[in-house]
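Please read it alongside the sequence and the structure shown below.

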Amino acid sequence: MPVEPAGTVVVEGRDSLAFVAEVLDAFEQLGSSSEFGADEDRDMFALALSEILTNVVQHSHCASAFKLRVELAVSSTAFKATVVDDADPAVVDWERAVMPDTSSESGRGLALAKTVLDELEHSTTPAGNVWRLVRRL
Amino acid sequence: MNLTTDVQPRYSVIALEGRFTAAVAPQLRHAATDLVRDGNTNLVVDLSRTSFIDSSGLGALISALKSARVAGGDLRIAAAPANVMSVLRLTNLDRVLRNYPAPELAFGAS
C-alpha cells in the first residue's frame with residue numbers, strides 16, 4: 001500500500017532556543033492538521049524534536065552562530081524529521097545516552113529521544129551534522 | 001511562556017503557562033531559589049496550563065526540589081496534564097515528583 005504524505009514543512013534558522021520553539025510550533029500545526037497519528041504520537045515526537053534540537057543548540061561546537069534546517073514530514077505511517085546544521089561535527093556518545101537516576105539534574109535528553117523514537121541517527125558530513133528522527137505510527 | 005508566583009502562608013505556588021523547555025528552565029530555577037531564600041520553602045508547581053515538558057524542564061524541577069529540601073521544605077507538582085505525566089513516567093520521576101490534583105491539595109488542606 002503506498003505511503004500517503006500528508007505534508008511536509010521546512011523551518012530554517014540560526015542556533016537559538018527561539019528556533020527550537022519555532023520548530024515545535026511548526027510541528028504542532030502540521031500534526032494537528034493531519035489525521036495521522038494519535039495524540040501520544042504527536043506528544044512523543046514533539047518531545048524527541050525538542051530534545052535533539054535543544055541538544056544541538058546547547059552543545060554544538062562552533063565559534064559563531066550556525067544555521068539549522070529542519071524538515072518535518074507527516075504521513076500515514078510515520079512522523080519524520082531531518083535536522084541539518086553547519087556546526088562542527090558532533091561526537092555523540094551513544095553508550096552514555098542512558099536514563100540517569102532520578103536525582104540527576106541533567107543528561108536525560110538523548111535517552112528520552114531514543115525511548116520515544118523508532119529510529120534516531122546522527123551522521124556527519126563535510127558541511128556539518130545530520131539527525132534523522134522517525135516515529136512510526 | 002508565562003511564569004507567575006503566589007506566596008501563601010503555608011506554601012507558594014509557581015504556575016507555568018506554555019511549554020516548559022530549556023528557554024524557560026532558568027526562570028523556574030530562579031523563581032524557586034528566590035522563594036526559598038525568602039523563607040518560602042514549600043513550593044507547589046502548578047502545571048495545569050503547562051502544555052509541554054522536556055528534559056530541561058524536568059532538570060529545573062529537580063534542581064528546585066533540591067533547593068526546597070535543603071532548606072527544610074519540599075516541592076510538589078499539581079494538575080499535570082497527561083502528556084506531562086507521560087514524560088515523568090518515562091524518566092521515573094513520577095516517583096520523585098508526586099502529582100496532586102490541585103495546588104491547594106499539595107501540602108494538605110488546612
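Is Glu17(B) buried, partly exposed or exposed, and what is its relative accessible area? Glu17(B) has a relative accessible area of 32%; because buried means under 20% and exposed means over 50%, Glu17(B) is classed as partly exposed. The model discussed here is a predicted one.

**The salt bridge of Glu17(B)**

- The side chain of Glu17(B) forms a salt bridge with that of Arg49(B), with an N to O distance of 3.3 Å.

**Fold of chain A**

- Chain A contains 3 helices and 5 strands, and their order along the sequence is β-α-α-β-β-α-β-β.
- The radius of gyration of chain A is 15 Å, which is close to the 14 Å given by the globule rule for 137 residues, so chain A is as compact as a globular protein of that length.
- Along the principal axes, the C-alpha atoms of chain A fill a box of roughly 45 × 35 × 25 Å.
- Buried residues make up 43% of the 137 residues of chain A.
- Among contacts in chain A with a separation of 6 or more, 64% are between residues 24 or more positions apart.

- Asp41(A) is located in helix H2 of chain A.
- The relative accessibility of Asp41(A) is 12%, so this residue counts as buried.
- When neighbours within four places in sequence are left aside, Asp41(A) is in contact with Phe79(A), Arg135(A), Arg136(A) and Leu137(A).

**Extent and composition of the interface**

- Chain A and chain B each bring residues to the contact, 23 from chain A and 23 from chain B.
- About 1,700 Å² is buried between chain A and chain B, and carbon and sulfur atoms give 62% of this area.
- On the side of chain A, the residues that lose the most area to chain B are Thr102(A), Glu105(A) and Arg108(A), which together account for 34% of what that side buries.
- The rule finds 8 residue pairs in polar contact across the interface of chain A and chain B, with both residues at pLDDT 80 or more.
- Helix H1 (17-32), helix H2 (39-59) and helix H3 (109-116) of chain A each provide at least two residues of the side that touches chain B.
- H2(A) gives the largest share of that side, with 8 residues.
- The side of chain A that touches chain B is made up, by class, of 9 nonpolar, 8 polar and 6 charged residues.

**Salt bridges between the chains**

- Over all chains, the structure holds 16 salt bridges; across the interface of chain A and chain B, the rule finds 4.
- Asp25(A) and Arg19(B) meet through their side chains in a salt bridge with an N to O distance of 2.8 Å.
- This pair crosses between chains, with Asp25(A) in helix H1 of chain A and Arg19(B) in strand S2 (residues 12-20) of chain B.
- Asp25(A) is partly exposed at a relative accessible area of 41%, whereas Arg19(B), at 16% relative accessibility, counts as buried.
- Glu105(A) forms a salt bridge with Lys66(B), in which the closest N and O atoms are 3.4 Å apart.

**Salt bridges within chain A**

- Glu119(A) and Arg132(A) form a salt bridge, their closest N and O atoms being 3.7 Å apart.
- The two residues link distant parts of the chain, 13 residues apart, with Glu119(A) in strand S4 (residues 119-125) and Arg132(A) in strand S5 (residues 128-136) of chain A.
- Glu119(A) counts as partly exposed at 25% relative accessibility, and Arg132(A) is partly exposed with a relative accessible area of 30%.
- Glu119(A), Glu121(A), Arg132(A) and Arg136(A) are joined into one network by salt bridges that share partners.

Notes
Residues numbered from 1 in each chain as written. Chains lettered and ligands numbered in written order. Predicted model: local features only at pLDDT ≥ 70, side-chain atom pairs only at ≥ 80, totals over all residues. Heavy atoms only, no water. Contact = heavy atoms within 4.5 Å. Buried area = accessible area lost by both parts, 1.4 Å probe. Polar contact = N/O pair within 3.5 Å; in protein donor to acceptor, adjacent residues only side chain to side chain. Helix = DSSP H or I, 4+ residues; strand = E, 2+ residues; numbered from the N terminus. Nonpolar A, V, L, I, M, F, W, Y, C, P; charged D, E, K, R; others polar. Buried < 20%, exposed > 50% of the residue type's maximum accessible area, 1.4 Å probe, protein only. Rg over C-alpha atoms; globule rule 2.2 N^0.38 Å.
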